[in-house]
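Reader: Hi, I'm new to this one. Can you walk me through it?
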Amino acid sequence: MDEHSPIFAIAMAAELTGMHPQTLRQYDRIGLVSPTRTAGKSRRYSMHDIAQLREVARLSAEGVSLEGISRILSLENEVTSLQGRVRELEHALADALLKSPGGRVFAAGIEGSVVPLKSGTRARRRTEVVVWRPRSPEA
């Protein structure tokens, strides 16, 4: 079971949220919080639904309209979904980087430039002596 498992009947959901069952039915009708339906068409609320109903009650108490609450819940759900997608992509990228070791091997060139190297190779070792002199103010 997870937070989206539909386990609470409307009476229990009403008790958990401190709302009247008729209020929950109204929120379902307008699409604010839509519980899962059983084969017999009974509403079943999940813990996620309960949390959203509590958020609705909090926002309503602060004076936010039902249309505003609907928009806020929609945006919060979208953010949650996008955060999950970002985590998936981060894992996919990490797996891809692990499967291609050495794909980002580089060394510094003589002039300080970045020189890419093939995996498993070393930069040619240079033994010249370089004398550094500060630039003259005229240059």
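Author: Here is a short tour, from the overall build down to single residues. Keep in mind that this is a predicted model.

Reader: Fine. How many helices and strands does the protein chain have?
Author: The count is 4 helices and 4 strands. Along the sequence they run α-α-β-β-α-α-β-β.

Reader: What is the radius of gyration of the protein chain?
Author: The value is 30 Å, whereas a compact globule of 139 residues would have one near 14 Å. The C-alpha atoms fill a box of roughly 85 × 45 × 20 Å along the principal axes.

Reader: And how many of the 139 residues count as buried?
Author: The share is 19%. As for the surface, the accessible area of the chain is about 11,000 Å², and carbon and sulfur atoms account for 55% of that.

Reader: Let's zoom in. Which residues are buried in α1?
Author: Ile10, Ala13, Ala14 and Thr17 are buried there. Seen down the helix axis, they fall within an arc of 100°, so they line one face of α1. Ala11 and Glu15, on the other side, are exposed.

Reader: What covers the buried residues of α1?
Author: The cover includes α2, β2 and α3.

Reader: Which residues are buried in α2, then?
Author: Leu24, Tyr27 and Asp28 are, in a helix that spans residues 21-29. Their arc around the axis is only 100°, which puts them on the same side of α2. They pack against α1, β1, β2, α3 and α4.

Reader: Which residue has a positive phi although it is not a glycine?
Author: Lysine 41, with a phi of about 70°. Most residues other than glycine have a negative phi.

Reader: Where does lysine 41 lie?
Author: In the loop between β1 and β2. Lysine 41 is exposed, with a relative accessible area of 62%.

Reader: New topic. Which residues form a nonpolar patch on the surface?
Author: Met1, Ile7 and Met47 do, with about 360 Å² of accessible area together. Methionine 47 belongs to helix α3.

Reader: What is the relative accessible area of methionine 47?
Author: The figure is 40%, so methionine 47 counts as partly exposed.

Reader: Last one. How many contacts join residues at least 24 apart?
Author: Among contacts between residues at least 6 apart in sequence, 44% do.

Terms used. Residues numbered from 1 in each chain as written. Predicted model: local features only at pLDDT ≥ 70, side-chain atom pairs only at ≥ 80, totals over all residues. Heavy atoms only, no water. Buried < 20%, exposed > 50% of the residue type's maximum accessible area, 1.4 Å probe, protein only. Helix = DSSP H or I, 4+ residues; strand = E, 2+ residues; numbered from the N terminus. Arc of directions from axis to C-beta. Contact = heavy atoms within 4.5 Å. Patch = residues over 30% accessible without salt bridge, like charges linked within 9 Å, V, L, I, M, F, W, Y side chains within 5 Å. Areas by Shrake-Rupley, 256 points an atom, 1.4 Å probe, with all protein chains shown as cover. Salt bridge = Lys/Arg side-chain N within 4 Å of Asp/Glu carboxyl O. Rg over C-alpha atoms; globule rule 2.2 N^0.38 Å.
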